[in-house]
Amino acid sequence: MITLHIEHAISDLGTWRAAFFSGRGASLRERHGVRGYEVRRPIDDPEYLVIDLNFDDPGAAAGFLDELHRIWQTPTASPALVGAPRTTILESVEMNDGDGGDG
């Protein structure tokens with residue numbers, strides 16, 4: 001599995017959620033092959049998000065990241081975003097799904 005890992009500060013969770021879950025946001029993720037996602041935030045910083053978007057291959061993740069960079073350059077297209085996001089594309093090497101077994 002390939003994961004696009006994104007971290008960024010936000011000014012308002014409700015505004016950010018509305019943009020992320022909008023029809024445009026959902027269709028953009030679908031068009032670029034996002035297989036699933038997880039959005040988290042530190043318990044001591046409610047204005048910071050950690051987003052993991054899962055893909056089948058690194059090319060799809062890189063293409064989606066390119067699109068996000070274009071979106072992030074326009075404040076109206078990226079409401080509630082504060083500053084420049086930190087991103088990296090990760091490849092799963094090993095995973096434990098919590099069932100007590102390996103892999």
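How are helix 2 and helix 3 oriented to each other, roughly parallel or roughly antiparallel? Let's start there, with a word first on what you are looking at. This is a predicted model, in which local features need pLDDT of at least 70 and side-chain atom pairs count only at pLDDT 80 or more, while totals for chains, interfaces and linings use all residues. Residues are numbered from 1 along each chain as its sequence is written, and side-chain values use heavy atoms, with hydrogens and water left out.

Two packed helices are described by the angle between their axes and the distance between the axes. For helix 2 and helix 3, the axes come within 10 Å and cross at roughly 150°. Here the axes are lines fitted to C-alpha atoms, for helices over the stretch in contact, and angles run from 0 to 180 degrees between N-to-C directions. Helix 2 and helix 3 are therefore roughly antiparallel (angles over 145 degrees count as roughly antiparallel, under 35 as roughly parallel, 65 to 115 as roughly perpendicular and the rest as oblique). Helices (H or I, at least four residues) and strands (E, at least two) are DSSP runs, numbered from the N terminus.

Who does the touching? On the helix 2 side you'll find Arg24, Leu28 and Arg29, which meet Phe64, Glu67 and Ile71 in helix 3; contact means heavy atoms within 4.5 Å. That group divides into three nonpolar, no polar and three charged residues (Ala, Val, Leu, Ile, Met, Phe, Trp, Tyr, Cys and Pro count as nonpolar, Asp, Glu, Lys and Arg as charged, and the others, Gly among them, as polar). Take glutamate 67 of helix 3: leaving out residues up to four places away in sequence, glutamate 67 touches Leu28 and His32.

Beyond four places in sequence, tryptophan 72 is in contact with Ile6, Leu65, Ser78, Leu81, Pro85 and Thr87.

Now for the largest pocket, which holds about 400 Å³ of space. Tryptophan 72 turns up again here: of the 21 lining residues, the closest to the pocket's centre are Ala19, Phe20, Leu68, Ile71 and Trp72. Strand 1 (2-10), helix 1 (13-20), helix 2 (23-31), strand 3 (48-55) and helix 3 (58-72) each give two or more residues to the lining, which divides into 14 nonpolar, five polar and two charged. On a 1 Å grid over the protein atoms alone, a pocket is an open set of points where a 1.4 Å probe fits, with protein on both sides within 12 Å along at least five of seven lines, and lining residues have an atom within 4 Å of a point. Grid points are joined across faces, edges and corners, and the volume is the space filled by probe spheres set on the points.

Over in strand 1 is histidine 8, buried with a relative accessible area of 4%. Its contacts outside four places in sequence are Trp16, Glu47, Tyr48, Leu49, Ile51, Leu81 and Pro85.

Alanine 80, between helix 3 and strand 4 (81-91), has a phi near 75°, a positive value in a residue other than glycine, and counts as buried at 11% relative accessibility. Proline 46, between strand 2 (36-40) and strand 3, is partly exposed at 47%.

How values were computed. Buried means under 20% relative accessible area, exposed over 50%, partly exposed in between (1.4 Å probe, protein chains only).
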